[in-house]
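Work through the exercises below with the structure open. Each task is followed by a solution in steps.

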Amino acid sequence: MFYRESGDFKTSYIQDQQIFPILQDRVFVTVIIAFAFLVVPFLINDYWEKSVLLPVLIWSLAAIGLNILTGYCGQVSLGTGGFMAVGAYASYKFTTAFPELNLFIVVLLSGGVTAMVGILFGLPSLRIKGFYLAVATLASQFFLVWLFNKVPWFYNYSASGQINAPERLIAGIAVTGPNAPPWATYLFCLVFVVVFALVAKNLTRGRFGRSWMAIRDMDIAAEIIGVAPLKAKLSAFSISSFYIGIAGALFFLVYLGAVEPTEAFGIDKSFLVLFMIIIGGLGSILGSFIGAAFMFLMPVLIKNILVNGLGWSPDIVAHLILMIVGGLIMFFLIVEPHGLAQLWRVTKEKLRLWPFPH
Amino acid sequence: MTPDFLNTIEVILNGLMAGVMYSLVALGFVLIFKASGIFNYAQGVMALFAALTLVGFQTGQIPFAHLVNEIFGTQIHHWGPGMNNLLAILLTILVMIVFAWLVEKLVLQHIVNQEPIILFMATIGLAFFMEGIGDLMWGADLKTLDVGIPSGGSFWWEDVTRTWVSEGHEYYGMYIDLLDVWAAGIAVLLVTVLTLFSQYTKTGRALRAVADDHQAALTVGISLRSIWVIVWSIAGIVALVAGIMWGSKSGVQFSLSLIALKALPVLILGGFTSIPGAIIGGLIIGVGEKLFEFWIGPLVGGATENWFAYVLALFFLMFRPQGLFGERIIERV
């Protein structure tokens, strides 16, 4: 009855082109962002920061990145873990080599480095398609993780082979390191996620996004109508890697604080992000958020219920979670191959007609 | 012959053997891809599951004992002394056939017309599900698998090769694992049987018809669903063979399922649709990564086997995007 385009009159082109054309959407998004910025920092505590909010924010960013490449441009990548490692190690090198550098700039630069690496590993996509490309991206995953394990320069010759995030301040408040207050790390991540989610939303409905989707839907036809595959594919690879690199840098600097490449950025992370965008919805920014939250929080919830509630042993619960995750993925693909975001689209359609059935 | 030269030969031989092991896994992929166009990521986990089930039957474990103990507080583990190898293998084959039927019934049937990528994702989900259920059924601890295949170094081969070295050099002979030799023999047998089956039996002909063209096969009255069950059963049996070989070599545990990842470059190198491609791709990858590790590995810090296979496959793909033996990709608008 209330949620619909009709009746929401626009009198200028600027209004017609805004990101959220429906008034209720704008209000809703504004309220959410205001809540996240103004209310949550006062309520947040250590548990919520470390086990819920930070990982969900960071995985959402990674999911948006992969969604740009896989959901919008149709190039399946299994190298997400490797690209996150590039972001993490780039941020480590930048922040240790230039301790005075502002952390925002460090993270953005790491994204830039990852984008370069992404272009390099995206080059085969011009010749290889489909499953062949998916397997080829595994080369980047395994090669990059191996590289960060074997070349001491990347981890500053530390004895353990680990990298540790040094304490860095922004406006006098620690954002990384053990002394960082929860609200500071949370706000730091939130700024990146909000800004880049809006950028992604805008990108995907502009010229870039349309050329990606044309390539995804049928690359030969897209080429014939004048979309340059080289430009479209490589831009998708670089922008996607930029996002994933930022997510990797935040994952290391703010969330984990110390990482070891094989464990933190293994192939399982690549699959995790892929599941997030499948369950959330391929080709949907909203879906990236829903998918990341769902895939990260569902196991935590099951674990809490079974281990803490029923007192089962953790390793049995871990296997059960694997089963449930696998089962859910199949279930979703059967029932709703377009992901959770599609449920929202369907609801939207229904709301437009409500209260009339047709 | 100098020891260096002999060492290189040893590396190549061991590479060939390792390649055969990769091919065994890749074979299951190719079978399913040809018949149903599904890129079955779960093949590696199927091998793990088959091996776990086999060990479970051999030692007489009770399925889901851990889970039952956890819920009801009981202390059950084994129902008896176990059974002999042949019976256990037959029972495992039965389990794999039931599994194939369930997969078709519960999953594939519902997503048959989806895009290939959706089907691929579904098999990743299947892989996770099986990994969980395999561990829940039989426990996650490392198990040893022994079905009576000899293993260990071959002394005869060591003695023979020791005489090859030229005068004045010290050389201790080549090491070749008997298990690998057996695996190579079994792989040859398996491929022969599969080829004969698909060439000379009615079901085999139906399989090839479905692989050629789904719709044409349907119009001449071939039941796609039963063919899929058959193909998944055969892939399950191939997975069992791979599981037995890999399980005897390095024990049955979670890492066994990771061989699927190693089979992927073999597949794209050989081409998704070619059984000889899977074999030759496996051999190239096996020899390639062993030689690279032998020559270049020490210079760059070792452990190059983790990624070399993928880079090698990528390099080949640059020149032949459909793999060495794959069908030519023809795209139409």
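Two residues are in contact if their C-beta atoms, placed from the backbone, lie within 7 Å. The model is predicted: local features need pLDDT of at least 70, side-chain atom pairs count only at pLDDT 80 or more, and totals for chains, interfaces and linings use all residues. Residues are numbered from 1 along each chain as its sequence is written, with chains lettered from A and ligands numbered from 1 in the order in which they are written.

**Exercise 1.** Find which residues A:Leu61 touches, not counting residues up to four places away in sequence.

Solution. Step 1: with those sequence neighbours left out, A:Leu61 touches A:Phe192, A:Val193, A:Phe196, A:Tyr243, A:Ile246 and A:Ala247. A residue is buried if 20 or more other C-beta atoms lie within 10 Å of its own, exposed if 12 or fewer, and partly exposed in between.

**Exercise 2.** Explain why A:Phe252 counts as buried.

Solution. Step 1: locate A:Phe252 in helix α10 of chain A; helices are DSSP runs (H or I, at least four residues), numbered from the N terminus. Step 2: A:Phe252 counts as buried because it has 28 C-beta neighbours inside 10 Å. Step 3: leaving aside neighbours within four places in sequence, the contacts of A:Phe252 are A:Ala88, A:Ser91, A:Tyr92, A:Ala165 and A:Val259.

**Exercise 3.** Determine how helices α7 (residues 178-200) and α10 (residues 224-250) of chain B cross.

Solution. Step 1: their axes come within 10 Å and cross at roughly 175 degrees. Axes are lines fitted to C-alpha atoms, for helices over the stretch in contact, and angles run from 0 to 180 degrees between N-to-C directions. Step 2: α7(B) is therefore roughly antiparallel to α10(B), a term for angles over 145 degrees. Step 3: B:Leu179, B:Ala183, B:Ile186 and B:Leu190 in α7(B) meet B:Val238, B:Val241, B:Met245, B:Ser248 and B:Lys249 in α10(B).

**Exercise 4.** State how many residues each chain gives to the contact, and which element of chain B gives the largest share.

Solution. Step 1: chain B gives 43 residues and chain A gives 37 residues. Step 2: on the side of chain B that touches chain A, the largest share, 16 residues, comes from α5(B). Step 3: the model scores ipTM 0.82 and pTM 0.88.

Note on methods
Helix = DSSP H or I, 4+ residues; strand = E, 2+ residues; numbered from the N terminus. Parallel < 35°, antiparallel > 145°, perpendicular 65-115°, else oblique.
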